[in-house]
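Here's a friendly walk through the structure shown below. Have a look at it first, then read on.

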Amino acid sequence: MTRSEYKLNMITGPDEMNVAGKAMGSHGAIGATYNLMCKSFVKMHAAFCEGDLDTATMLQHRCNRVIEALIEASGGKLLAAMKYLMRERLGLPAGCRAPCPTTALVAVMGSKIIVFFLLRGTPKFKEHTCVFLAGAGSG
């Protein structure tokens, strides 16, 4: 950014580095898991803007735990896991890429994700996320 004399609009990419990107001067962020944890990321942004780095960092760590769990539970297929949660848990028309997995495969993946979250103790933190692991809805 310094080379551009701060004339560029810099965007942070990795969701796991949202707060770090802001601290380095990015103007915004673009990421996939914001769709699932929108409340957390909005609160994270507000805390950062208010100078509350402790809260922003705590929320970043919570989101990172969810992202890590999704990656591990889905065998590295983060986008597939996210589409499952958006489609099956939030009722959003997330679709899939061709070829679409069978209904049985989707059910197995969904079960693996939910069981993984429950066994690992990954926070559901209903007050921060749009994802409900125990049922559909948004919040």
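## The overall layout

The protein has 5 helices and 2 strands; these are DSSP runs numbered from the N terminus, with helices (H or I) needing at least four residues and strands (E) at least two. Going along the sequence, the pattern reads β-α-β-α-α-α-α. Residues are numbered from 1 along each chain as its sequence is written, and side-chain values use heavy atoms, with hydrogens and water left out. Keep in mind that this is a predicted model: local features need pLDDT of at least 70, side-chain atom pairs count only at pLDDT 80 or more, and totals for chains, interfaces and linings use all residues.

How much of the protein is buried? Of its 139 residues, 38% count as buried, where buried means under 20% relative accessible area, exposed means over 50%, and partly exposed is in between (1.4 Å probe, protein chains only). As for contacts (heavy atoms within 4.5 Å), take those between residues at least 6 apart in sequence: 58% of them join residues at least 24 apart.

## Helix 2 meets helix 3

Two packed helices are described by the angle between their axes and the distance between the axes. Here, the axes of helix 2 (residues 38-49) and helix 3 (residues 53-73) come within 7 Å and cross at roughly 155 degrees. Axes are lines fitted to C-alpha atoms, for helices over the stretch in contact, and angles run from 0 to 180 degrees between N-to-C directions.

Which residues make the contact? Helix 2 brings Ser40, Phe41, Lys43, Met44, Ala47 and Phe48, while helix 3 brings Leu53, Thr55, Ala56, Leu59, Gln60 and Cys63. Sorted by type, the residues of this contact are 8 nonpolar, 3 polar and 1 charged. In that sorting, Ala, Val, Leu, Ile, Met, Phe, Trp, Tyr, Cys and Pro count as nonpolar, Asp, Glu, Lys and Arg as charged, and the others, Gly among them, as polar.

Gln60, in helix 3, is buried, with a relative accessible area of 6%. Leaving out residues up to four places away in sequence, Gln60 touches Asp15, Glu16, Met17, Asn18, Val19, Phe41 and Met44.

In soluble globular proteins, nonpolar side chains tend to be buried together. In this model, the largest nonpolar core has 21 residues, and those with the most contacts inside it are Leu36, Met37, Phe41, Met44 and Leu70. Helix 2, helix 3 and helix 4 (78-89) each supply at least two residues of this core. A nonpolar core here is a set of buried Ala, Val, Leu, Ile, Met, Phe, Trp, Tyr and Cys residues joined through side-chain atoms within 4.5 Å.

## A strand and a loop

Gly28 sits in strand 2 (residues 28-29). Is Gly28 buried or exposed? With 14% relative accessibility, Gly28 counts as buried. Beyond its neighbours within four places in sequence, Gly28 is in contact with Met10, Ile11 and Thr12.

Now for the loop between helix 4 and helix 5, where you'll find Leu90. Leu90 counts as buried, at 16% relative accessibility. Leu90 and Leu36 are 54 residues apart along the chain, yet their C-alpha atoms are separated by 9.1 Å. Ala94 is found in the loop between helix 4 and helix 5 (103-120) too. Not counting residues up to four places away in sequence, Ala94 touches Lys83, Met86 and Arg87.
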